[in-house]
Amino acid sequence: MKQYEEYSVEDFVQDENFRDWVQGQSQQETFWLSFPQKYPGRAEEMKQAEKIIRAVNVPSELLSEREIRAEVQAFLLRSAESPAEPTQKLPTSPVFGFPLNTRWAMIAAVLTAVLGVSWYFWPTLATQTATSLLAEKTQSGLVQTDNSTQQPLRILLSDSTEVVLSPNSSLNYPMQFSDTARVVFLRGEASFSVTHRGLPFLVHSEDMITRVLGTKFVVRAYHKDRKFTVQVLSGKVSVYRAGVGKGVNSKEANGLILTANQAAIFEKDKQHLTKTLVANPTVVSKLSAEVESRYEEVALPVILHDLERSYGIAIQFDEQSLHPCKVTATLGDESLYQKLDMLCKTVAASYQIVDGQIIISGKGCP
Amino acid sequence: MTRRLAGEEAQRLWHEYRAGDIYALAQLMQNFYPDLFSWGMRLHADRDFVKDCIQETFLSLWKMQETISSVENVRAYLLVVLKSRILRELSKKNRMSPTSISEDYTFSVEFSADLRLIEEEHEVYQLRKLEQVMNQLPARQKELIYLRFYQNLSFEQIADVMQLGRQSVYNLLQKSLTSLRKNWAVGLLLMLFTGV
């Protein structure tokens, strides 16, 4: 390396450390500030070199941090949507030959004031607060609705999906869904009634993604919580970790499929998904018009199968050992767990919830 | 403006992106966006066009996530990739043959001296003169100076971006700096003689 005493103007200019300092990106402020004192013979060359570096300056392109963030958000949104060959499926813009995306569609729409939008999974970005019911438009075409009231807030999406947003929650969604997938971003908690459109509906909440075709479910994903949950009321839902593998199919292979009354718990630190049941299982398919079911001296397995069908939850038990158990009971509108408690008590059995299923164990009946 | 990511940080994010983490790729996009945008605008001064090219670049990077290899310098690689995409899209627009990409493009930049913290009048004058001389250089030399001193690329990386041999890059740079100093000196002398 050349000695500093022999530095010419070119040498300074070619020295990346020196350039960093002139451009204000340096870690070695004091070194260069005291350089003229240490090497007075080089002071003139240093000054000239500094001028050259300063002259090679390009005015910054009036690109705000906000605009950049909007572009990155649009990228994330589109990456979640794109199938293997996007250019084949999407109509192309006549001007640029790009596939038309939501951003182009949005530019044609009416714009409201652009305010900063933050992504909760990036702690380095500044957060912005909006008034509770005001929906804002970002340049990427995503609307953000915050609920800072104490009441649930109902939102209707462009595909007629209904979202009920809990207090202290916010939802980002496009004004118009694309024709490849429907993607929204949730912070906090919301319950969704997704319409069947033949298109997948995805809810992104930090590292967890919930994917459905048409169904009812609740996602609870407050940033401060260590565990996120997804509870399914009806339909079929798949829940998986973001960033695992690539492409929608491989992600699902590493996730969980939930049916009605099942739930998923996502532990953030361990990035771990487990299946369980919802807190209050509800009847998904009535067996008869009767509100009550009367059983007189009926074999327990029969009752258990009825419960399986009503609630859509698998119940595992030993058919043979429980077959001799005859039960007389009236089951009404108690919760599923209450019914199970009652049934198990009559035959000295117990039940557990494992992996979204109910397992009954007992000695059986004489 | 936030600081550019250091080489190692960028490498770490690149590695995570290759492992399947889209947010790592998004963070690279976020941090390098100003450099990429500035670079794009030099090639075709249309904001929406450049933004779209950057989008498409990152989207195709994500599609290639499983097969893409590691790179020596992430930022330099992104600049090269963005340039090819811009030129490809431009040639589509102009309906030129898609193979003739590299030569026919105009690099345009207007240097504007960084005058922050300069108070002395004569210093400001010198900087403006230098800026003038710089802006009169041939486009190829301007591009070289821009890539070397503004984007801080190495000779190898510049060779990639400008499609030149490494030695040619070095020689061209020496030539530019010499003519710069000569013209600048001439400008200063004129100032002395005419008392401007």
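**Entry: a lysine after a strand.** I looked up A:Lys363. I found A:Lys363 in the segment after β19 (357-362) of chain A. I kept in mind that this is a predicted model. Is A:Lys363 buried or exposed? I counted 11 C-beta neighbours inside 10 Å, so A:Lys363 counts as exposed. The cut-off I needed is that a residue with 12 or fewer such neighbours is exposed. Then I checked A:Lys363 against A:Leu322. In sequence the two are 41 residues apart. In space their C-alpha atoms are 8.0 Å apart.

**Entry: an asparagine in a loop.** Next I went to A:Asn261. A:Asn261 sits in the loop between β12 (256-259) and β13 (262-267) of chain A. I read its phi as positive, about 75°, although A:Asn261 is not a glycine. How many C-beta neighbours does A:Asn261 have inside 10 Å? I got 22, so A:Asn261 counts as buried. Here the cut-off is 20 or more.

**Entry: chain A as a whole.** Chain A has 12 helices and 19 strands. Its length is 366 residues, and 34% of them count as buried. I also looked at contacts in chain A with a separation of 6 or more. Residues 24 or more positions apart account for 50% of these.

**Entry: chain B as a whole.** I found 8 helices and 0 strands. Along the sequence, the pattern reads α-α-α-α-α-α-α-α. Of the 196 residues in chain B, 38% are buried. I then took the contacts in chain B between residues at least 6 apart in sequence. Of these, 63% join residues at least 24 apart.

**Entry: helix α7 and what follows.** I picked helix α7 of chain B, residues 155-162. Which of its residues are buried? I noted B:Gln157, B:Ile158, B:Val161 and B:Met162. Looking down the axis of α7(B), I saw that its buried residues fall within an arc of 120°, so they line one face of the helix.

Just after α7(B) comes B:Gln163, with a positive phi of about 55°. B:Gln163 is not a glycine. I placed B:Gln163 in the loop between α7 and α8 of chain B. B:Gln163 has 12 C-beta neighbours inside 10 Å, so it counts as exposed.

**Entry: an arginine in α3.** I turned to B:Arg47, which lies in helix α3 of chain B. With 15 C-beta neighbours inside 10 Å, B:Arg47 counts as partly exposed. I also checked B:Arg47 against B:Phe37, 10 residues apart from it along the chain. Their C-alpha atoms are separated by 8.3 Å.

**Entry: how α2 meets α3.** I looked at the pair α2(B) and α3(B). They pack at an angle of about 145°, and their axes are 10 Å apart. The crossing of α2(B) past α3(B) is right-handed. Which residues make the contact? From α2(B) I listed B:Ile22, B:Leu25, B:Met29, B:Leu36, B:Phe37, B:Gly40 and B:Met41. From α3(B) I listed B:Val50, B:Cys53, B:Ile54, B:Phe58, B:Leu61 and B:Trp62. I sorted the residues of this contact into 12 nonpolar, 1 polar and no charged.

**Entry: the nonpolar core.** I looked up the largest nonpolar core, and it has 122 residues. Those with the most contacts inside it are A:Val56, A:Val230, B:Leu28, B:Met29 and B:Leu36. Which helix gives the largest share of this core? I found helix α2 (residues 22-43) of chain B, with 11 residues.

I followed up on B:Leu28. Leaving out residues up to four places away in sequence, B:Leu28 touches B:Ala10, B:Leu13, B:Trp14, B:Tyr17 and B:Val74.

**Entry: where the chains meet.** I counted 44 residues of chain B in contact with 35 residues of chain A. On the chain B side, α2, α3 (47-63), α4 (74-93), α5 (121-135), α6 (139-150) and α8 (166-194) each supply at least two residues. The largest share of that side, 10 residues, comes from α2(B).

Terms used: Residues numbered from 1 in each chain as written. Chains lettered and ligands numbered in written order. Predicted model: local features only at pLDDT ≥ 70, side-chain atom pairs only at ≥ 80, totals over all residues. Helix = DSSP H or I, 4+ residues; strand = E, 2+ residues; numbered from the N terminus. Contact = placed C-beta atoms within 7 Å. Core = buried A, V, L, I, M, F, W, Y, C linked by C-beta atoms within 7 Å. Arc of directions from axis to C-beta. Axes fitted to C-alpha atoms, helices over the stretch in contact; angles between N-to-C directions. Left-handed = near helix turned anticlockwise from the far one by under 90°. Nonpolar A, V, L, I, M, F, W, Y, C, P; charged D, E, K, R; others polar.
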